[in-house]
Amino acid sequence: MQEPRLTLITRPGCHLCEVAKEAVGRVVAATGDRYVEIDVESDIELEREYGERVPVVLLDGREHGYWRVEEARLLADLAQPR
């Protein structure tokens, strides 16, 4: 099975992260994709890179957006091949 194309970087107790999880949930429900969620506090490098910008969506390992999930753009980008 392939790795999920989407990664959602979050922080515990983050309201925007909860909203982002709901948005990503709607996207993967529509596309059949999966996503993995990573706590930014679990890795010092993630904290350094993304600490002030969570939630962050990565698509195929590259930053797709932060703070808010642009669902229409994410759906369109997921329709593109890797």
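At what angle do α1 and α3 pack, and how far apart are their axes? The two helices pack at about 35 degrees, and their axes lie 10 Å apart. Here axes are lines fitted to C-alpha atoms, for helices over the stretch in contact, and angles run from 0 to 180 degrees between N-to-C directions. Helices (H or I, at least four residues) and strands (E, at least two) are DSSP runs, numbered from the N terminus. All of this comes from a predicted model, in which local features need pLDDT of at least 70 and side-chain atom pairs count only at pLDDT 80 or more, while totals for chains, interfaces and linings use all residues. Residues are numbered from 1 along each chain as its sequence is written, and side-chain values use heavy atoms, with hydrogens and water left out.

On the α1 side the contact (heavy atoms within 4.5 Å) is made by Ala23, Arg26, Val27, Ala30 and Thr31. From α3 come Glu71, Leu74, Leu75 and Leu78.

Next comes the nonpolar core, meaning a set of buried Ala, Val, Leu, Ile, Met, Phe, Trp, Tyr and Cys residues joined through side-chain atoms within 4.5 Å. Buried stands for under 20% relative accessible area, exposed for over 50%, and partly exposed for in between (1.4 Å probe, protein chains only). The largest core has twelve residues, among them Leu6, Leu8, Ala20, Val24, Val57 and Leu74. Two or more residues each come from β1, α1 (15-31), β3 (56-59) and α3 (71-78), and α1 gives the most, with five. In soluble globular proteins, nonpolar side chains tend to be buried together.

Now for the cysteines. The model has one disulfide, that is, a pair of cysteine sulfur atoms within 2.5 Å. The bond joins Cys14 to Cys17, with an S to S distance of 2.4 Å. The torsion about the S-S bond is about 80 degrees, so the disulfide is right-handed. Cys14 counts as buried at 13% relative accessibility, and Cys17 does too, at 0%.

Cys17 also turns up among the contacts of Thr10, along with Glu37, Ile38, Asp39, Val40 and Val54, once neighbours within four places in sequence are left aside. Thr10 sits in strand β1 (residues 6-10) and is buried, with a relative accessible area of 4%. Its side chain makes a polar contact with the side chain of Glu37 at 2.8 Å. A polar contact is a pair of N or O atoms within 3.5 Å; within protein, one must be able to donate a hydrogen and the other to accept it, and residues adjacent in sequence count only if both atoms are side-chain atoms.

Arg5 lies in the segment before β1 and is buried, at 10% relative accessible area. The Arg5 side chain reaches the backbone oxygen of Leu78 at 3.0 Å and that of Gln80 at 3.2 Å. Glu49, in helix α2 (residues 44-50), is partly exposed, at 46%.
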